[in-house]
Amino acid sequence: VLFNDLVESLFTGITVPAFFLLITGCLLYVSQRMNSGGIDLSNITLKEALIMGCGQALAVMPGLSRSGTTIAAGLFSGLDKEFAAKFSFILSIPAIFGAGVFQLKDLSGGNVEIEACIAGFIVAVISGYLAISVLLKLIREKSLDIFAYYCWIVGAVILVGSLIL
């Protein structure tokens, strides 16, 4: 809320989001190579929670993945890989709810159909649940590297494209 105008100004072009996609890729790649500290629900402290919260706060930047940044912050602070992902998704609940409430003012003056909003909400919940399930399976059985490569490729393509155009 305090930096709303500054952050929104970063969304006007494609260079900043592309740059932060490259940063997201680096965070995911490096954090994947951290030794799991084994911190989970039974022994997490305020320190690890605050580190993940700071990662989430930074993720308001365009192109900086909220889940990727918070998972990486959790891994950097010693969280178990799967717990870092689950905790990241728990952290998303108040962030998404708060963003929704903050954006309600934009809907109040328009001609909004409540049925369309409800349908969109239901589809978002279902697709979000499926995406989380897939991500947790990937984290459990493989690695975050595929997301790092994706971020690097998309970020590089956008940056190169912006230079050509």
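**View 1. The three salt bridges of the predicted model.** The structure, which is a predicted model, holds three salt bridges. In one of them Arg33 is paired with Asp145, and the closest nitrogen and oxygen atoms of this pair are 2.8 Å apart. Another is formed by the side chains of Glu82 and Lys86, with an N to O distance of 3.4 Å, and Glu82 also forms a salt bridge with Arg140, where the closest N and O atoms are 3.1 Å apart.

**View 2. The network of Glu82, Lys86 and Arg140.** These residues, Glu82, Lys86 and Arg140, are linked in a network of salt bridges. Glu82 and Lys86 are both found in helix α5, and because they are four residues apart there, about one helical turn separates them. The salt bridge between their side chains has an N to O distance of 3.4 Å. Glu82 is partly exposed, with a relative accessible area of 21%, and Lys86 is likewise partly exposed, with a value of 39%. The salt bridge from Glu82 to Arg140, with its closest N and O atoms 3.1 Å apart, reaches from helix α5 to helix α6, so it ties together parts that are 58 residues apart in sequence. Arg140 counts as partly exposed, at 47% relative accessibility.

**View 3. A nonpolar patch on the surface.** Which residues form the nonpolar patch on the surface? The patch is formed by Ile114, Ile118, Phe121, Ile122, Val125, Ile126, Tyr129 and Leu130, which together have about 860 Å² of accessible area. Leu130, one of these residues, has its place in helix α6, which covers residues 114–141.

**View 4. Ala99 in helix α5.** Ala99 is located in helix α5, a helix that runs over residues 81–108. With a relative accessible area of 40%, Ala99 is partly exposed. Thr69 is 30 residues away from Ala99 along the chain, and the C-alpha atoms of these two residues are separated by 18 Å.

**View 5. The whole protein, as a setting for the close-up views.** The protein contains seven helices and zero strands, so that reading along the sequence gives the pattern α-α-α-α-α-α-α. The C-alpha trace spans about 50 × 45 × 30 Å along its principal axes, and 28% of the 165 residues count as buried. Among contacts between residues at least 6 apart in sequence, 80% join residues at least 24 apart. The accessible surface comes to about 10500 Å², and carbon and sulfur atoms account for 73% of this area. As for charge, the protein has 9 positive and 11 negative side chains, and a distance of 11 Å lies between the centres of the two sets.

Note on methods
Residues numbered from 1 in each chain as written. Predicted model: local features only at pLDDT ≥ 70, side-chain atom pairs only at ≥ 80, totals over all residues. Heavy atoms only, no water. Patch = residues over 30% accessible without salt bridge, like charges linked within 9 Å, V, L, I, M, F, W, Y side chains within 5 Å. Areas by Shrake-Rupley, 256 points an atom, 1.4 Å probe, with all protein chains shown as cover. Salt bridge = Lys/Arg side-chain N within 4 Å of Asp/Glu carboxyl O. Helix = DSSP H or I, 4+ residues; strand = E, 2+ residues; numbered from the N terminus. Buried < 20%, exposed > 50% of the residue type's maximum accessible area, 1.4 Å probe, protein only. Contact = heavy atoms within 4.5 Å. Lys, Arg positive; Asp, Glu negative; His and termini not counted. Charge placed at Lys NZ, Arg CZ, Asp CG, Glu CD.
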